[in-house]
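Trainee: I would like to learn how to read a few features of a model. Please take them one at a time.

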Amino acid sequence: MAACESVVVVEVNEQSVRRLADDRSFERGQAYFAAGRVRRFTVDGAFVTATVGGTSLYRVRLEITAAGLVGRCSCPYGQEEVFCKHCVAAALAWLESGGEVGEHRPGPITDGQLREFLRGQDPAWLADELLTAAHADPLLRARLDVVAGADIGDAYDDRVLRERLERAIEISEFVAYGGAYSYFHQVGEVLNAVAALVDGGFPGAAANLAGYALDLLEGAAGQVDDSDGGLRGAIDRAEEIHLDACSTAMPDPVALAELLVARALASDYEVFLTALPDYAPVLGPTGMARYRELVERAWQDLPPKKPHEYGGRRFVVTYLMEQLAECSGGADALIEVLARDVTSGYDMLRIAERLCADGRDDEALQWLGRGMAEFPPDSRLRTLAADCHVRAGRRAEAGDLLWANFTDRPSLDDYIALHDATAERFPAWRERAVGVLRVQPAASARFTLMPYARPSGRSTLVEVLLWDGDADAAWQAAVDGGCRDELWLRLARRRAATHPADAIPVLLAAADQSIGHKNRNSYRVAASLLAEAGPLFTRCDRQEDYRSHLAALRAAHRPKRALREELDRANLP
């Protein structure tokens, strides 16, 4: 392999590329390369760049270093610094071309060098060059127009950027998960161009275009897979640009307030829902007065609240009112808003949480007491009330509240909360708690193919005893009453140190369960569990039983090539 004088590299070949990727990525990269999906392949010094077609077009950049090959890709996996299938395909294309490192091209001329060159040129030539560049760059043209005397509010022609936003955001067919990353990446690039207008001297145009982008994004929302939150990210970015632009341009505060409220009330995607407090300095007293007028009018127009009604327009209007109250009047103003429509324990909880945040525990306890008296039992109310009592040193009262939580739905978290709140009084509470857990229904089955469809047995008792540090009692509780599969494994691994014979059946059952799921990853898990069981068989002087078990397992699953490969990879007999 040839190399430029400034770079000393190790040999890169197909085997070294294979080691950089996982098996699946390498196999798929091979298929991409064989299918001719590597395009625009170039070598520049120690760098290889290419475009690889998949569900979308992705940019790959390979660097040949002294340690070997380093790959970067614009796909989601590549962003996590994984040597993905696209990197594999590009590397194989480079190897097929000879795997040579080219001469590094000189870097670009510096700003200083260019400035010195331009100073020596004819002014007429410079004017012609500027006009040519301005025809291709609306921002440059607008800046020149302003310098030449045009009104800054009319100088920038936003038609080009509007068309770019439309091309990037508007879609006629549904964009599935595989294309969503590329779609939102393209949207982000155009939004960055909008953001550049703020520093370029045209914040008013940037604000208008950011608002237009929000319109387009809401219109396209149902046409693109948003599993990874790309839509929310794009909306947040457009809102960020709008705020930045308004902070610079300082538009009419009344018109801005009307825009923010109208958009928040009309949006199905929470556009401008969190405008306050960030927009408060831009709105100023006049804008905030108009904002308050509009929000309070919408709030007064709401019909009486029904129990547990939190969605739709009521949520938006109430949230805007809460933000307004918090921004202008602090905790008391917010509580006044929250207290208007109390129809559930959750409403009481929100008031109490705000009071606690201000250190007003006694007032919070009054609201919590009302909530527990007037509404169905709610563990969140009891937990917060217990916290207030603990801070005041009333641990007995806290214990009573947390005991009610525990008996309603016993869990390890509630047990720990009871422990932390009652301190030196906990031993008595512990005896009662363990007594409750010991009479929970037992379950016998374990490691079935559908573990979530069967009772969990005495799982909570096992968790509690493990948390207490009594592994032997936890094991016996599982034997007597059963528990979840992951607890059986935890118990077996603790038990293995002193009772390997007890741990062996659990590991083998867990391996059988994994094999039953019939996929490569589950086979890998099964092989790991079987390998873990090997030394336990040896400690029990049962090596022959181990070999016989594996021989029978291989015979029973002979058609499963992937399983055989994972067993071999784990060096199992």
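Mentor: At 2% relative accessibility, Cys246 counts as buried, where buried means under 20% relative accessible area, exposed over 50% and partly exposed in between, with a 1.4 Å probe and protein chains only. This is a predicted model: local features need pLDDT of at least 70, side-chain atom pairs count only at pLDDT 80 or more, and totals for chains, interfaces and linings use all residues. Residues are numbered from 1 along each chain as its sequence is written, and side-chain values use heavy atoms, with hydrogens and water left out.

Trainee: How many disulfides does a search of the whole structure find?

Mentor: A disulfide is a covalent bond between the sulfur atoms of two cysteines. Here the term is a pair of cysteine sulfur atoms within 2.5 Å. The search finds 0. Cys75 is in none, and the nearest cysteine sulfur, that of Cys73, is 3.7 Å away. For Cys246 the closest cysteine sulfur is in Cys327, 16 Å away, which is too far for a bond.

Trainee: Is Cys75 buried or exposed?

Mentor: Cys75 counts as buried, because its relative accessibility is 1%.

Trainee: What span should helix α13 have?

Mentor: Helices (H or I, at least four residues) and strands (E, at least two) are DSSP runs, numbered from the N terminus. The expected span of a helix is 1.5 Å times one less than its number of residues. Helix α13 has 14 residues, 253–266, so it should span 20 Å, and its end C-alpha atoms are 20 Å apart, which agrees.

Trainee: Which residues of α13 are buried?

Mentor: They are Leu256, Ala257, Leu260, Val261, Arg263 and Ala264. Seen down the axis of α13, they fall within an arc of 165°, so they line one face of the helix; the arc is that of the directions from the helix axis to the C-beta atoms. Their cover includes α11 (203–220), α12 (230–249), α14 (280–300) and α15 (312–338).

Trainee: Where is Pro253, and what does Pro253 touch?

Mentor: Pro253 is in helix α13 and counts as partly exposed at 23% relative accessibility. Not counting residues up to four places away in sequence, Pro253 touches Leu283, Thr286 and Gly287, contact being heavy atoms within 4.5 Å.
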